[in-house]
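Colleague: Please take me through this chain with a few questions and answers.

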Amino acid sequence: MINGSLYNFSLIKLLAHVGIHVDAPGRMFDHYFDADFDVDSLDLEVINGSSLLVDVPRDKNITG
């Protein structure tokens with residue numbers, strides 16, 4: 001955290017469900033819900049883009 005980062009993670013575990021759908025902003029923030037800001041109003045150009053799949057074998061570490 002010397003470089004000013006807010007967090008220092010050494011392990012992140014995510015479920016396979018992560019990244020397969022978009023949650024409506026109103027699900028997280030009441031003011032978006034009250035403004036009817038839902039997934040129907042999201043710009044698909046904003047939420048679609050390039051991706052990178054990294055396959056790291058179980059017995060290896062990710063390094064620089």
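Predicted model: local features only at pLDDT ≥ 70, side-chain atom pairs only at ≥ 80, totals over all residues.

Residues are numbered from 1 along each chain as its sequence is written, and side-chain values use heavy atoms, with hydrogens and water left out.

Colleague: How many helices and strands does the chain have?

Modeller: Helices (H or I, at least four residues) and strands (E, at least two) are DSSP runs, numbered from the N terminus. On that basis the count is 2 helices and 0 strands.

Colleague: What share of the 64 residues is buried?

Modeller: Buried means under 20% relative accessible area, exposed over 50%, and partly exposed in between (1.4 Å probe, protein chains only). Of the 64 residues in the chain, the buried share is 3%.

Colleague: Is Val 18 buried, partly exposed or exposed?

Modeller: Val 18 sits in the segment before α1 (30–34). Its relative accessible area is 49%, so Val 18 is partly exposed.

Colleague: Where does Asp 38 lie, and how far is it from Asp 23 in space?

Modeller: Asp 38 belongs to the loop between α1 and α2 (44–47). Its relative accessible area is 32%, which means that Asp 38 is partly exposed. Asp 38 and Asp 23 are 15 residues apart in sequence, and their C-alpha to C-alpha separation is 8.5 Å.
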